[in-house]
Amino acid sequence: MPRVFLVVMDSVGCGGATDADRFFNDGTPDTGANTLAHIAQSCAAGRAENGRNGPLQLPNLDNLGLGAAVQLASGDDAPGLGADPTGLWGAASEISPGKDTPSGHWELAGVPVPWDWHYFPNTTPSFPPDVVAEVCRLAGTDGILGNCHASGTAIIADLGAEHLRTGMPICYTSADSVFQIAAHEETFGLDRLLQLCRDLAPMLHKMKVGRVIARPFIGSEAEGFTRTTNRRDFAIAPPKPTLCDWVKAAGRHVYAVGKIGDIFSMQGIDEVRKGADAKLMEHLIDLMDEAEDGSLTFANFVEFDSLFGHRRDVSGYAAALEWFDSQLPRVFAKAREGDLILFTADHGNDPTWIGTDHTRERVPVLGHGVGLREVGLIGFTGVADIVAQHLKISKPAEASDA
């Protein structure tokens, strides 16, 4: 029985979104943003030499059709990505009215977002008094710190010492529909932080805030503060059954690698494996051996986005892509006959772009295990259709109009 490994390379967009003019970074429309093409162009021009050097080298993804997907999606030149495709290849366009993580993943799983997300204003304070009051009540504190738009690493550097002195949680947001709470794992307590986020989430979800995110950190004022890998996202539940539910309804097993379980509020998920991206790659390789026949393994590799895209670090993003590509022969070597290993992304995050937010882009769709197959320009929901067809499962009636 065939298996599918659906791998989301978080934020690895390829430009060309026809509605990019409706999405903004610091007041500038995303028109022309292209994560892959601009990284490749920067590498070829010698502008991405910090920790790596030379043209962008992604031979395994490119052999599947990565360069062809960039050209199809946007018409932009991506130096170093010019191989003739040998795998399934194409590009996908999103229709959901957001360029965020839940929107992208849900739509890839067959369910476009039917509402507009709530975003907090880029002011100080950012949060309404009733939200602040509820955080204080749940945390048992007299106030909160932050209450603004901020970088997660910068705000713990700025407010970590005050957090240790006062015990108040650090609350912040971004251009995404999120409410993030940072707290020290040891002094505030990891379990306490997770419970605070869990208890606050229903109120924020009613407001159509997509995620409440726990951001634990460790360290001291003298040594500096560092975020840990114990992040947890408490996401609003998808409005309809997703691909994960379709697979479960067919009596199959669903494995979640990375933050997939959080993104889907554990709907349709049997088993979760977490960690930093290097650990997630080992989980993925292990599952090539361990995943049941007929199963879906749904993985997200987040560090392209979280460590390099938002920070506008072109060299770091290029190096992360090259590391990821270098691991793929290990994955491919363990594939069984009939397996489909499908690579895509949930949005863009062009590290050459203005601002620090995601960028509205098409995304590549690449597959190993089914030979040469051009799928062309499809919708994000077309990815779910490819998976369902390969697993020989049907969509439930309530998903047929998604």
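Predicted model: local features only at pLDDT ≥ 70, side-chain atom pairs only at ≥ 80, totals over all residues.
**View 1. Helix H4 meets helix H13.** The axes of H4 (residues 101-108) and H13 (residues 380-391) come within 6 Å and cross at roughly 40°. That makes the two helices oblique to each other. On the H4 side, look for Gly104, Glu107 and Leu108; H13 answers with Phe380, Thr381, Val383 and Ala384. Sorted by class, the residues of this contact come out as 4 nonpolar, 2 polar and 1 charged.

**View 2. The largest pocket.** This one holds about 860 Å³ of space. It's lined by 39 residues, with Ser174, Ala175, His310, Thr356 and Asp357 the closest to its centre. S8 (211-220) gives the largest share of the lining, 3 residues. Other elements that supply at least two residues each include helix H6 (152-166), strand S7 (178-184) and helix H11 (303-309). By class, the lining has 11 nonpolar, 16 polar and 12 charged residues.

View 3. Of the 26 lining residues, Arg215, Thr228, Thr229, Arg231 and Val302 sit closest to the centre. H6, S8, strand S9 (224-227), helix H10 (277-290) and H11 each put at least two residues into the lining.

Conventions. Residues numbered from 1 in each chain as written. Heavy atoms only, no water. Axes fitted to C-alpha atoms, helices over the stretch in contact; angles between N-to-C directions. Helix = DSSP H or I, 4+ residues; strand = E, 2+ residues; numbered from the N terminus. Parallel < 35°, antiparallel > 145°, perpendicular 65-115°, else oblique. Contact = heavy atoms within 4.5 Å. Nonpolar A, V, L, I, M, F, W, Y, C, P; charged D, E, K, R; others polar. 1 Å grid on protein atoms, 1.4 Å probe; cavity = no way out; pocket = protein on both sides within 12 Å on 5 of 7 lines; lining within 4 Å. Points joined across faces, edges and corners; volume = space filled by probe spheres on them.
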